[in-house]
Amino acid sequence: MGDPLTSLCQLEEEICTCGICSDTCRRPRALPCLHSFCRECLEQHIQDEVKKGSKAYFLCPSCKQPTDLPKNVRIAGRYSESFREDSFIDKVCEVIAAYGADKSCDLCVKRGDDVPALNWCLDCYQAICDACTSIHLHDDVTADHVVISLPEMQKLPLESVMTRKRVVPCAKHVGESLTLYCTDCKEPACGDCAALSHRKCRSCLPVADAVSAKEEDMAEVVIRLQSMPPQGMLGGGFGDAMEVLEETVRSSKERIRAVAAELRQKIDDSEKELLMKVDDAYAMLKEKIDSKGGPAKDYSKILRAGNERMQYLLKYGSDVEILQVYDTIKDAMAKMERSGNNNGNEEEEEELMFRVNFMPDDVIKVFQRDYQTMGHVQVEDCNSDDGLSSWGVTCTSRDEIIVVDCRNRRMQKFTSNGDLIDHIQISEEPRDVTCLGKDDDVAITIMKKLIFIVTVSGTMALKRRIRTAKQYDAIAYSSTLDQFLVSCLQDTSVDVINQSGDVVKSFNVDSAGNAIFVEPRYVTFTGDGNYVVTDVATNTVKCISPEGRLLFAYQPSGAHVLRKPQGLCIDNIGNIFVADYGNSRIQLVTSEGAFQRFVLARESGIHRPVAIYMSSTSKLVVVQSDGIVKVFSYE
């Protein structure tokens, strides 16, 4: 007998968590694709989708399946109500809540009171206090219900708790239960539903009879479901076209928002700092002016205003109003004459005058002048040879195949026969993967300047993170040196780094100051410790020594020409395998940089190879840009 709390936690994680708010579902509603969400979360999601355009459907937040908008609902706030209440999820959530600390009485909460619950009704699925228990057991409707203490309930097997309540209330008719099943409409119904909505249907069976009639079909469906290959099976790719499109659109929007937010934050921070400095300067200078008796008055302005006012007063004003203004004007004239005819008997005070000015930095001036847009939206046509995708592949000592997928942010482990063993989602976009030797840990380059060390023996799990100074793309590992070889597209360099992420060597320019690489992509170590790199922009494979000396540059022409070379790997005698992406073939090159032969080509079933790896049992693993993984025996 399993621990009910453990089973509940598993249920909560797998089916009771809302895919929108990531919390336990509240008043869940089920979509046709069988994913359930909080009613309020689903309503907001549908409203957001409706605002995007005039589409007659919206996408499920979990599986991205299109779901038709409710036909008879056009009022915001009512969309989610058109979808079925998920009574099972609701029931599980009620039981989960009963296991929480300080559970309140469900009946008292409805009345606005907060009273601790002590008991559990196995028929109503409600936690109730002692007072409500007494009322509950004396009510005509609930007198036969079974009520036990919460501690007793929590000790029962989960099956006993969950299956006790066999009756599901009807959402359309209060007080009625779904006891019938309409074979025409293929939906449960209550007595009122059968009389009103299903009166023209041919048959409404009792629910128990309907289940009995479908037992054989249900058993067959279960067997077929269990025999389905796991999603992402080797050779089947990683997601259909819509999944890839939706994911890349979402990722692009996230990046645009992140860049814009960073710019706004920097501008907002600078604005606040500068405004604070202006306010500080004003306060300081105001204090200086105030200490001198305040700013000097310009009596000429008072007299000009007085002249205008006096003209109207003499024409339309009363004597009192004239006298009020006259004294002010007379006083201003006297003060102006005294200040203009100072004969030196009085020391004239020095008049204080300050200005506070803002001078933009040169960088800001250039930014204001040249700024047009944060970037550009690029559409990658994955059906064209010009499109490039990012994949990584390696093999463990047990010949298990590890594949990382940047599009869907995940890593998968397969047997050498192509059976999916395990997979994990990765929080950030992975770029490449390499095996760390006999321990069967792998290192994955991750966006945001990280390298993840993941254990892949048994269940895959994150072991540790390495933070790096640069954003690295491809990665290879040398067990002899216990160091990584990595490529950096941002500064067109290839670095050697240690297990702490510190740069040991960096190769960017040669001794004459010329750039070694234009677009370094995949990397690998040779058996004698040299570094081999594909330079995509120049269609070249370059080999450099640990001192940075160029040993050879493989840039063939004619029938052997490379087009956008990608992945690399080395066999046990030093031959170099190159993924010739643009020509859809694998080239074999000698350790001195000379062409040997085409190992695989289009006629072998290869199409736009990206990442490749030679296993310890001489199996060449190829990952194509469409996500399909193919394994070839190499003699």
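**Figure 1. Burial and overall make-up of the protein chain.** Of the 635 residues of the protein chain, 39% count as buried, where buried means under 20% relative accessible area, exposed means over 50%, and partly exposed lies in between, with a 1.4 Å probe and protein chains only. The model is predicted: local features need pLDDT of at least 70 and side-chain atom pairs count only at pLDDT 80 or more, whereas totals for chains, interfaces and linings use all residues. Residues are numbered from 1 along each chain as its sequence is written, and side-chain values use heavy atoms, with hydrogens and water left out. The secondary structure of the chain comprises 14 helices and 34 strands; these are DSSP runs numbered from the N terminus, with helices being H or I of at least four residues and strands E of at least two. Among contacts between residues at least 6 apart in sequence, 44% join residues at least 24 apart; a contact means heavy atoms within 4.5 Å.

**Figure 2. Strand β18 and its two partners.** Strands β17 and β18 run antiparallel and are joined by 6 bridges; two strands pair if DSSP finds at least two bridges between them. Asp 441 stands opposite Thr 455 of β18. Strands β18 and β19 also run antiparallel, with 6 bridges between them, and Ile 451 has Ile 466 in β19 as its bridge partner. The hairpin of β18 and β19 has 5 residues between the strands, and in this hairpin Gly 458 takes a positive phi near 80°.

**Figure 3. The salt bridge of Lys 448 and Glu 428.** Lys 448 belongs to the hairpin of β17 and β18, which has 3 residues between the strands, and takes a positive phi near 75°. Glu 428 forms a salt bridge with Lys 448, with the closest N and O atoms 3.4 Å apart; a salt bridge is a side-chain nitrogen of Lys or Arg within 4 Å of a carboxyl oxygen of Asp or Glu. Glu 428 lies in the loop between β15 (420-425) and β16 (430-435), and Lys 448 in the loop between β17 (441-446) and β18 (450-455), so the pair ties together parts that are 20 residues apart in sequence. Lys 448 counts as exposed because its relative accessibility is 56%, whereas Glu 428, at 21%, is partly exposed.

Figure 4. Lys 470 forms a salt bridge with Asp 495, the closest N and O atoms lying 2.9 Å apart. This pair links distant parts of the chain, 25 residues apart: Lys 470 is in the loop between β19 (461-467) and β20 (475-478), and Asp 495 is in strand β22 (residues 493-497). Both Lys 470 and Asp 495 are buried. Elsewhere, a network of salt bridges links Glu 429, Arg 431, Asp 473 and Arg 521. The whole structure holds 21 salt bridges.

Figure 5. Lys 266 and Glu 262 form a salt bridge, with their closest N and O atoms 3.6 Å apart. Both residues lie in helix α11 (residues 241-291), 4 residues apart, which is about one turn of the helix. Lys 266 is exposed, at 54% relative accessibility, and Glu 262 is partly exposed, at 46%. Helix α11 also supplies 4 residues, the largest share, of a nonpolar patch. The patch covers about 700 Å² of surface, and Ile 256, Leu 263 and Tyr 371 are among its residues. Patches are made of residues with over 30% relative accessible area and no salt bridge; like charges are joined within 9 Å, and nonpolar side chains (Val, Leu, Ile, Met, Phe, Trp, Tyr) within 5 Å. Tyr 371 is located in the loop between α14 (362-370) and β12 (391-395).

Technical notes. Areas by Shrake-Rupley, 256 points an atom, 1.4 Å probe, with all protein chains shown as cover.
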